[in-house]
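This report describes selected features of a structural model. The sequence and coordinates are shown first, and the description follows.

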Amino acid sequence: MTAQTQPLVGITDVVKHFDISGGFLDRLTFSGGLPSLTTTTVKAINGVSLDIRQGEILSVVGESGCGKSTLGRTVLGLYPPTSGRIEFRGERIDNLSAKDMLPYRRKMQMVFQDPYASLNPRMTVRQILEEPTRFHFPDLSASQVQDKVAEVMRQVGVDPAWAGRFPHEFSGGQRQRISIARALMVDPEFIVADEPISALDVSIQAQILNLIMDCQERFGLTYMFITHDLSVVEHISTRVAVMYLGTLCELADKASLYGDPQHPYSRALLSAIPRLGSAGFSHIRLKGEVPTPINLPTGCVFHTRCPHTDERCRREIPALRLLPNGSQAACHALEEGRIW
Amino acid sequence: MNLWKRFRGSYFLYSFLHDPVAMGSFIVLAVLALAAFGAPLVAPHNPYDTTTIDIMDSEIPPVWMENADAKFLLGTDAQGRDMLSTMLYGMRISLVIGIGATFLQAAIGIVLGLIAGYKGGKIDNFLMRMADVQLSFSTLMVAIFLSAIFQAIFGVAAFESMAVPFLVLVIGIAEWPQYARTVRASVLAEKKKEYVEAARVMGLPSGRIMWRHILPNTMSPILVLSTVQVAHAIMSEAALSFLGLGMPITKPSLGSLINSGFDYIFSGSWWITMFPGFLLVLLILVINLLGDWVQDVLNPKLYKG
């Protein structure tokens with residue numbers, strides 16, 4: 001652990017709840033003859049703390065609806081957090097005005113999942129790439145901007161001669177390259193990649209992954225890589241954060257997580273990776289379904305499906321604790337030594 | 001040059017050239033619009049020039065009937081004005097009011113619809129309730145009300161000189177919610193898309209996101225609506241003029257021509273009402289047919305039985 005060095009991005013106790021109550025009439029209920037207004041919230045993220053270190057690729061994994069995309073968008077300020085702090089190089093950024101946020105906008109960028117929706121269909125590639133540059137670097141001359149567009153297009157492997165074309169004239173993989181180029185145009189330090197390869201062909205996925213890793217090396221980027229593809233995670237990441245139902249279960253180095261997963265959910269998740277050559281397929285079967293994030297279980301969110309649940313798990317929310325092998329996990333059973 | 005090349009290869013042009021109804025409507029509309037805006041050059045007489053009008057020429061029938069005068073192809077009205085010329089000048093006024101009112105509606109509606117859709121929440125609620133209130137008054141009621149006030153304050157003479165801008169204003173204000181609702185609906189769909197989030201991650205100000213990113217992607221419903229609204233505005237103007245609240249008889253639009261001839265229809269002078277009526281129907285029909293075609297081309301997913 002290198003706790004002394006300052007993390008690039010610090011996330012402290014971030015909570016994000018979405019109000020889905022609807023209008024006045026939807027909220028009106030009668031309990032015991034008295035009218036009252038009920039509020040329904042989706043508890044997308046419940047107190048997540050983690051640090052992202054300079055130069056690493058931190059993967060965030062978890063099943064659909066566990067809040068990993070919400071976490072990424074909250075870090076970038078697309079959603080204001082309900083509570084908690086987000087820091088960039090030690091400076092708090094979650095409470096800044098749009099104007100004060102601008103210098104950080106340049107440093108933090110995002111690559112989106114769907115390359116068909118993330119590029120404006122009415123703008124040419126040149127316009128898409130020039131806009132952020134002109135906006136953040138107003139001092140650059142027109143020819144400097146054009147040079148930069150051509151340079152970045154070459155770096156991501158798209159022929160600069162195609163800059164005059166519209167996004168619909170490109171294939172999915174090329175669009176994702178353009179999407180990455182747009183993020184690179186402002187010389188960012190930190191990129192949130194929200195399932196950047198999930199919408200692509202398997203044959204293209206590897207190319208885009210290589211491009212992402214290539215850019216990390218060349219520009220010294222730090223990534224928060226959101227995905228549900230565990231084999232990609234194993235290939236790409238430095239550290240891995242496992243999320244379940246808006247909560248961080250385990251945060252570990254890639255090697256310790258894949259070699260020796262600690263949290264019962266991580267164990268179940270990793271046992272579900274299909275492997276070549278092994279006879280039979282024995283994975284840990286979890287019972288039941290993921291509870292709805294509208295009505296969270298009390299105590300540990302995983303207790304309804306965990307094979308090691310006891311009374312304390314139902315009552316008390318576990319905190320993230322450092323384990324002997326260097327990983328961090330939030331589990332009472334691990335802390336008490338009931339499982340190992 | 002590039003734009004022209006793209007237009008020539010576009011599906012828009014292709015489907016236009018393969019749709020006889022659209023082509024026919026467009027040609028008719030183009031001829032009508034050219035004749036209307038070129039009225040001072042095309043029309044045989046100038047109905048605004050009182051020195052050329054002779055009251056003795058009044059109610060002369062069209063040339064193919066008895067007692068006709070070869071000077072007046074479609075006959076004359078009760079004041080001795082050549083019907084053909086008066087209709088051309090009148091159509092010019094109708095078109096100007098229709099297009100002008102549509103531009104005003106679009107300007108108000110697009111701005112308010114964009115803001116309502118993008119900002120959401122209380123602003124959205126407020127603007128949309130305002131639109132509901134506006135829609136609950138019919139255009140005619142608003143116009144009757146406002147023109148009565150206007151005439152009472154400034155007098156009838158001032159109203160006659162201000163009639164065109166006044167009608168543009170009334171019809172424009174009465175119908176802006178159509179645009180606001182259409183734009184808001186498409187903004188709600190567009191703002192969820194990732195390219196808008198990408199623009200927000202860039203830190204672009206929301207006004208710029210609305211104008212540069214979202215608005216261009218809502219253009220096709222706006223275009224479809226505009227064709228319908230032009231026809232609608234021309235009809236509203238005709239209805240108001242028919243009721244005597246629109247264009248004065250000295251500067252008649254198609255509606256006020258129909259109205260002025262209405263008194264003579266039972267004395268046998270049917271042409272004063274019928275010819276402007278036919279022209280109005282033809283004008284609205286071709287605009288609507290074109291609008292229908294535009295809708296088919298721009299919203300191909302829309303099922304039409």
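## Basis of the description

Helices are DSSP runs of H or I with at least four residues, numbered from the N terminus. The model is predicted.

## Helix 5 of chain B

Just after helix 5 of chain B, B:Gly120 adopts a positive phi of about 65°. The helix itself comprises 37 residues, and the distance from its first C-alpha to its last is 53 Å, close to the 54 Å expected at 1.5 Å a residue. Helix 5 of chain B is mostly covered, with 30 of its 37 residues buried.

A partner of this element is helix 7 of chain B, which spans residues 139-190, while helix 5 spans residues 83-119. Their axes come within 5 Å and cross at roughly 40°. The crossing of helix 5 of chain B past helix 7 of chain B is right-handed. Classified by residue type, the contact between these two helices contains 24 nonpolar, eight polar and three charged residues.

## The sheet of chain A

In chain A, four strands make up an open sheet in the order 4-1-6-7, with antiparallel pairing. Strand 4 (41-52) and strand 7 of chain A are the edge strands, each of which pairs on one side only.

Strand 1 (residues 9-19) of chain A runs antiparallel to strand 6 (residues 83-88) of chain A, and five bridges join the two. Within this pairing, A:Val9 stands opposite A:Phe88 of strand 6, and A:Ile11 stands opposite A:Ile86 of strand 6.

The hairpin of strand 6 and strand 7 of chain A has two residues between the strands, and in it A:Arg89 takes a positive phi near 50°.

## Contact between the chains

How many residues of chain B are in contact with chain A? There are 13 of them, and they meet 18 residues of chain A. On the side of chain B that touches chain A, helix 8 (residues 194-201) of chain B gives the most, with six residues. By class, the residues on that side of chain B are six nonpolar, three polar and four charged.

How values were computed
Residues are numbered from 1 along each chain as its sequence is written. Chains are lettered from A and ligands numbered from 1 in the order in which they are written. This is a predicted model: local features need pLDDT of at least 70, side-chain atom pairs count only at pLDDT 80 or more; totals for chains, interfaces and linings use all residues. Axes are lines fitted to C-alpha atoms, for helices over the stretch in contact, and angles run from 0 to 180 degrees between N-to-C directions. A crossing is left-handed if the near helix is turned anticlockwise from the far one by less than a right angle, and right-handed if clockwise. Ala, Val, Leu, Ile, Met, Phe, Trp, Tyr, Cys and Pro count as nonpolar, Asp, Glu, Lys and Arg as charged, and the others, Gly among them, as polar. Two residues are in contact if their C-beta atoms, placed from the backbone, lie within 7 Å. Two strands pair if DSSP finds at least two bridges between them. The expected span of a helix is 1.5 Å times one less than its number of residues. A residue is buried if 20 or more other C-beta atoms lie within 10 Å of its own, exposed if 12 or fewer, and partly exposed in between; C-beta atoms are placed from the backbone.
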